[in-house]
Amino acid sequence: ESRIYTDLKKESDAKMKEIIGDINDAVKNYAIKNGFDLIINKSATVYGKDEMDITNNVLNKLNEEYKKK
C-alpha cells in the first residue's frame, strides 16, 4: 500500500512539474510576443489594475495548445 502511494506521488509530482513548465513557457512566449519586459505572479502583487491581468489570455493560449495534443 505504501509503495502504491509512493508511485502515485511520483507520477503526480512529475505531471505537476510538466504542467508548471508548460505554464512558464506560455507566459514567457506571451511576454515576448506582446512586448512585456516583466510579468509578475499575482501572489507577489499587492495591487494591480484588472486590465493588467493577462491570466485569461495565457490560459486561453494554453487551452489551445492542450487541445492540439
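Tutor: A residue is called buried under 20% relative accessible area, exposed over 50%, and partly exposed in between, with a 1.4 Å probe and protein chains only. The model is predicted: local features need pLDDT of at least 70, side-chain atom pairs count only at pLDDT 80 or more, and totals for chains, interfaces and linings use all residues. Residues are numbered from 1 along each chain as its sequence is written, and side-chain values use heavy atoms, leaving out hydrogens and water.

Student: Is Tyr-30 buried or exposed?

Tutor: The cut-off for a buried residue is under 20% relative accessible area. Tyr-30 has a relative accessible area of 17%, so Tyr-30 is buried.

Student: Which residue forms an aromatic pair with Tyr-30?

Tutor: Rings of Phe, Tyr and Trp (its six-membered ring) pair if their centres lie within 6.5 Å; planes under 30 degrees apart count as stacked, over 60 as edge-to-face and the rest as tilted. The structure holds 1 aromatic pair. Its rings are 5.9 Å apart centre to centre with 35° between the planes, a tilted arrangement, and the partner of Tyr-30 is Phe-36.

Student: How many helices does the protein have?

Tutor: Helices (H or I, at least four residues) and strands (E, at least two) are DSSP runs, numbered from the N terminus. The protein has 0 strands, and the number of helices is 2.

Student: Why is the protein described as more spread out than a compact globule?

Tutor: The radius of gyration is taken over C-alpha atoms, and the globule rule is 2.2 Å times the number of residues to the power 0.38. The C-alpha atoms fill a box of roughly 50 × 35 × 20 Å along the principal axes. For 69 residues the rule gives 11 Å, and the protein counts as more spread out because its radius of gyration is well over that, at 16 Å.

Student: How far apart in space are Thr-6 and Tyr-30?

Tutor: Thr-6 lies in helix H1, which covers residues 2–33, and is partly exposed at 33% relative accessibility. Thr-6 and Tyr-30 are 24 residues apart in sequence, and their C-alpha to C-alpha distance is 36 Å.

Student: Which residue forms a salt bridge with Lys-42?

Tutor: A salt bridge is a side-chain nitrogen of Lys or Arg within 4 Å of a carboxyl oxygen of Asp or Glu, and the whole structure holds 7 of them. The pair in question links distant parts of the chain, 11 residues apart, with both partners in the loop between H1 and helix H2 (55–68). The closest N and O atoms are 2.8 Å apart, and the partner is Asp-53.
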